[in-house]
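Here is a friendly walk through the charged pairs and a surface patch of this protein. Have a look at the sequence and the model first.

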Amino acid sequence: MPPNSRELEKSIHVDLSRQETYGGYLQLDRLLNSQTPRTPVHDEMLFIIQHQTSELWMKLMLHELDAALDFVKRDELEASFKIFARVAHIQRMLFEQWAVLETMTPSEYLQFRDALGRSSGFQSYQYRAIEFMLGNKDPNALLPHRQDETVHAVLSARLTQPSLYDEFLRYLGRHGYAVPATSLERDFTQPYKKSDAIVTLFRDVYENPEKHWKAYEMAEKLVDVEERFQLWRFRHMKTVHRIIGHKQGTGGSSGVTFLQRALELTFFPELWDVRTELRSPGAR
């Protein structure tokens, strides 16, 4: 054989005329022909693929969070921990890929920005579904999706369902923790309102983790998810700032200012507040 070459093993399948193939299984014809730039500008392809791959990762993230939610509803917290470990890596991928988009300069983006029209990441229904799943509920967030009945129905259903945090509080209520009734049964379409009683509940969990190990571990998994989500939001905001400054967003928002305000939102407020309330062993 010539140097620096590898013999094709005889057992490798090469007649695939009647068999399932890699490209067929993954539907690569559809996937790789789904990039249709509106301009001849070189960097528009980067912009399209960046956002398409983000949507694929978000689809997987929703798939995993839905599975975690089901485990919590069945009182199987430990089974959800493996799910959260995978979600962590998905969030890392979403965070890191902003670096690819940041290789595009402001002048390069301006060459094709007008082709976007009014399209905006704010209109991503999967992003909205993740926020609903994590507890950032807002009925007004459905407004951009009124024209698509299927998407609107999916998001409407998620809006009315308990969030992952709601289901965790319900789990705690089922297992004897003093969760206020107002936190267990409420209008799930509205933003969650924090409770001093739940801060007190989590103070006991954090000060005595050996007695409440499952609840303690679950609380930390949720904090992990929120911290990574906030880092993703922050990286998004800084990427936008780097590329368009303080221009208005294509979707009509104030752009960077609008994204900055999102950083003030929290999913699991008591899990953050409890850190201030924790006492050292000698002070209890």
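## A pair within helix H12

Glutamate 217 and lysine 221 sit four residues apart, about one turn of the helix, and both belong to helix H12 (residues 213–244). This is a predicted model. The two side chains form a salt bridge, with 3.8 Å between the closest N and O atoms. Glutamate 217 is partly exposed at 22% relative accessible area, whereas lysine 221 is buried at 19%.

## From helix H12 to helix H14

Helix H12 also holds glutamate 220, which pairs with arginine 275 of helix H14 (residues 269–277) and so links parts of the chain 55 residues apart.

## Other salt bridges

Across the whole structure, a search finds 14 salt bridges. One joins arginine 158 to aspartate 66 at 2.8 Å, N to O. Because arginine 158 lies in helix H8 (residues 149–160) and aspartate 66 in helix H3 (residues 44–73), this pair ties together parts that are 92 residues apart in sequence. Arginine 158 is buried, at 17% relative accessible area, while aspartate 66 is partly exposed at 26%.

Salt bridges also link Arg128, Glu131 and Arg233 in a network.

Valine 14 is found in the segment before helix H1 (22–25). Its relative accessible area is 65%, so valine 14 counts as exposed.

Terms used
Residues are numbered from 1 along each chain as its sequence is written. This is a predicted model: local features need pLDDT of at least 70, side-chain atom pairs count only at pLDDT 80 or more; totals for chains, interfaces and linings use all residues. Side-chain values use heavy atoms; hydrogens and water are left out. Helices (H or I, at least four residues) and strands (E, at least two) are DSSP runs, numbered from the N terminus. Buried means under 20% relative accessible area, exposed over 50%, partly exposed in between (1.4 Å probe, protein chains only). A salt bridge is a side-chain nitrogen of Lys or Arg within 4 Å of a carboxyl oxygen of Asp or Glu.
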